[in-house]
Amino acid sequence: MSLTEFFSMGGYAFYVWGSYAVTALLMLIEVILVVRRRRTLLDRLGRIHGAAHGAWRDGAGNETQT
Amino acid sequence: MALNWFKYSSPASFYPLAGRLAPWFGVAAALLTLTGLYLGFFVAPTDYKQGEAYRIIFIHVPAAWMSMFIYLVMAFYAGLGLVFNTRLSAFMARALAPTGALFTFISLWTGALWGKPMWGAWWVWDARLTSELILLFLYLGFISLQAAIEDPRRAARASGLLALIGAVNVPIIYFSVQWWNTLHQGASISMSQGSAMAATMLTAMLVMTLAFWMYTIAVVLTRVRCEILERERHSEWVAEVASRETR
Amino acid sequence: MEMSGIGLLSGTRNILARDLTLAGRRITDVLTTLFFFVIVVSLFPLGVGPEMNTLRMIAPGILWVAALLATMLSLGRLFTADYIDGTLEQMLLSPQPLSLIVLGKVAAHWLVTGAPLVLMSPLLGLQFGLGGAALGVLMLTLLIGTPVLSLVGAMGAALTLGLRGGGALISLLVLPLYIPVLIFGAGAVEAVASGLEAGAHLSLLGALLVLALCFGPWVTAAALRISLE
């Protein structure tokens, strides 16, 4: 099977690749969103807690609500 | 075994466990996806009736299965959270919802792209497509209710109850939609009917289902870790985690 | 405190009588729901065209969807007034089982919103050219179905109690759950209109009512506790 033949999917390229591309894209977006959520969360927690050990209680009141 | 269970039902001890497990599930998902795609595109034969278009099945059916399975798991955790008042189960239910909605959408999207060449229409009111659409509404209701309630405890309990109501209603809805569909015999042709499925096709589909499942676990574990950190941000152990992990 | 079966149900009756009295003082609320139902149904011929055959075909679905929407629109009133003036909190603390109080409130809600729809429906059905038998079944299905709508809607109303944008949210929660009622209700009318039996539809609708009666008030009570704690 040649490459072009493979990509043409017997004339159904739009439907088959449209399905796979959107699925891959959405899953990729979800992964990026989750990873980014974790990063920003750790960033914020790090600012509150990490800067000064033991001083986290003072900063707790200033954080933004989520 | 029982001891472990209770140990890991506390967010503080589940957090590191989830962190250790998530990457492995991610790797498993990637490997299984590659295997499934290889089987689906290079091993499985061309369908004599549907041509190459049938290859959408390798994501359509697994996504549909996962969307229903995730709803059940979500309702299970919601029930646990309501009955035993464990916070972790409520976090799990909350973390599962977006991925479940995603798979529901994927199954609708791929269903439309498959329906166009097969039925000549992007959308037909087929019993299964309609049920998937309603399932998407149920997910959206769950997510919206959670987002609308500010008090996290009320949000967890109210959406938990909603998930249970939904889970009880899913069979009723599914049955009624089936009934409705058989009464209005339209042009709809069952997708799996007609051509007997080759063994390799089935294998590829099962492998892709497994891949989606592993993907779900990896994403949900990571998301539940975020939930835990957000809710427990005032506790001492989160302070330690934060100072350790932000280095 | 008398806790016999009669005593318990008399509590339900008291709530029912109280809510009906309150509704009687605000009769415009009742009429608004009814007018909404009439207007929505009347819009369809304007949108679809006056072709009587088409209208007769889509009448069961239109009447039922309009009933769904009208019921949903009135759900906000179910608990909100009692929630704002604190009566609901009193009800939670009363020795009466909360589910029986809920049952009384839902019964009052149905009498005020569902029952008028049932009574109004044959008139609207006539406008769509439905025949005598179909009109009878339309009334019967609405009579069995609208209590289910009230019972299921009460769960949504309890879950969204006091939330901002509760109106739009409640539709998102409740409408998917209304689908079986819609299918069996409209299906029965359609079957009779095309000369078939509607017995199976009606039994299934009845089963839904029994289910909703058994579990609805109880789940709604749990939801109210969650929302008020």
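Tutor: Two residues are in contact if their C-beta atoms, placed from the backbone, lie within 7 Å. The structure above is a predicted model, in which local features need pLDDT of at least 70 and side-chain atom pairs count only at pLDDT 80 or more, while totals for chains, interfaces and linings use all residues. Residues are numbered from 1 along each chain as its sequence is written, and chains are lettered from A and ligands numbered from 1 in the order in which they are written.

Student: What is the distance between the nearest C-alpha atoms of chain A and chain C?

Tutor: The nearest C-alpha atoms of chains A and C are 17 Å apart, and the two chains do not touch. Among the 2 pairs of chains that touch, A and B have the most contacts.

Student: Which elements of chain B give two or more residues to the side that touches chain A?

Tutor: The contact takes 31 residues from chain B and 28 residues from chain A. On chain B, such elements are helix H4 (87-119), helix H7 (199-231) and helix H8 (236-245), and H4(B) gives the most, with 9 residues. Helices here are DSSP runs of H or I of at least four residues, strands are runs of E of at least two, and both are numbered from the N terminus. By that rule chain B has 8 helices and 0 strands.

Student: What classes of residue make up the side of chain B that touches chain A?

Tutor: That side divides into 16 nonpolar, 7 polar and 8 charged residues. Ala, Val, Leu, Ile, Met, Phe, Trp, Tyr, Cys and Pro count as nonpolar, Asp, Glu, Lys and Arg as charged, and the others, Gly among them, as polar. The contact between chains B and C takes 22 residues from chain B and 20 residues from chain C. There the side of chain B has 16 nonpolar, 4 polar and 2 charged residues, and H6(B) gives the most, with 13 residues.

Student: What makes H7(C) roughly parallel or roughly antiparallel to H8(C)?

Tutor: Axes are lines fitted to C-alpha atoms, for helices over the stretch in contact, with angles from 0 to 180 degrees between N-to-C directions. Angles under 35 degrees count as roughly parallel, over 145 as roughly antiparallel, 65 to 115 as roughly perpendicular and the rest as oblique. The axes of H7 (residues 132-159) and H8 (residues 166-193) of chain C come within 9 Å and cross at roughly 170°. H7(C) is therefore roughly antiparallel to H8(C). Their contact has 19 nonpolar, 5 polar and no charged residues.

Student: Which residues have the most contacts inside the largest nonpolar core?

Tutor: A nonpolar core is a set of buried Ala, Val, Leu, Ile, Met, Phe, Trp, Tyr and Cys residues joined through C-beta atoms within 7 Å. The largest has 158 residues, and those with the most contacts inside it are B:Met74 and C:Ala223. Not counting residues up to four places away in sequence, C:Ala223 touches B:Ala158, B:Leu161, C:Met155, C:Ala158 and C:Leu159.

Methods
Buried ≥ 20, exposed ≤ 12 C-beta atoms within 10 Å, placed from the backbone.
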